[in-house]
Amino acid sequence: MSAALPETVDAWRMVQGQRAFQGRLPLAGFARLSDSLADADGDVAYDLEFGRDAYGIAFLRLHVDAGLPLICQRTLERFVQPVTIDQRLGLISREQDEAGLPEGYEPLLVADGQLAPADVIEDELILTLPVVPVSPGAPLEFTTGADEPDQALRENPFAVLARLRHD
C-alpha cells in the first residue's frame, strides 16, 4: 500500500503495519541539502518500506533516485550527478542496540519513536555528496611550465656540491 509521505510518523506503528510510501519530493524542499547544490531544480523519487526481517529486526528500506545539480570544481560549470540509494536502515531505540544489527544494516536511532521520513531521505542524499564535485569527463588541465624559467637555464642546486668534491 502506498500513501503520501507524512511529515512525521510513529516508526514502530509503521513497522507493525508494514507501511510503504512512494512518490516524489522537490529538491527545493531539502534546506540542508540545497546549500551544497548549484540550484534546487529537480526532484527526488523515493520508495520507503517499513517492516521486520526474518530475525525480527525492525527496518526502514529506502530506495531513492535523484539527479543532484552540482558545480564541477575543474570546469566551474553546472552538471547533474545521478544518485541511486538502496539502503536498509535498522531502527533502534538506544545507541547500545546498534551492536545487535546484522551486517548490511545501517543504524537509525529513533529514540522517541517519531521519525521524519523526508529528513531521512535528505540525510542519505547528503551522505552521497562528493567532497569535491567533478563532472564525469571533465578535462584535466596541465600547466605547460611557461611561467617557470627554462629547465636548462636553471642550475642544479647540487652542482655546487659536485664542484667541491672535485676540488
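Which residues does Phe50 touch, not counting residues up to four places away in sequence? I started there. This is a predicted model, so I noted that local features need pLDDT of at least 70, side-chain atom pairs count only at pLDDT 80 or more, and totals for chains, interfaces and linings use all residues. Residues are numbered from 1 along each chain as its sequence is written, and side-chain values use heavy atoms, with hydrogens and water left out.

**Entry 1: Phe50.** I looked up its contacts (heavy atoms within 4.5 Å). Phe50 touches Val9, Ala11, Met14, Val15, Gln18, Arg19, Phe21, Phe59, Leu60, Leu91 and Leu115.

**Entry 2: the cores.** A nonpolar core is a set of buried Ala, Val, Leu, Ile, Met, Phe, Trp, Tyr and Cys residues joined through side-chain atoms within 4.5 Å. Buried means under 20% relative accessible area, with a 1.4 Å probe and protein chains only. The largest core has 36 residues, and Phe50, Leu60, Leu91, Leu115, Ile121 and Leu125 touch the most other members. Elements that each supply at least two of its residues include α1 (11–16), β4 (43–52) and α3 (117–128). β5 gives the most, with seven residues. I also found a second, separate core of five residues, including Ile57 and Tyr105.

**Entry 3: the whole chain.** I counted four helices and eight strands; these are DSSP runs (helices H or I, at least four residues; strands E, at least two), numbered from the N terminus. From the N terminus on, I read the order as β-β-α-β-α-β-β-β-β-β-α-α. Of the 167 residues, 34% are buried. Among contacts with a separation of 6 or more, 56% join residues 24 or more positions apart.

Notes
Buried < 20%, exposed > 50% of the residue type's maximum accessible area, 1.4 Å probe, protein only.
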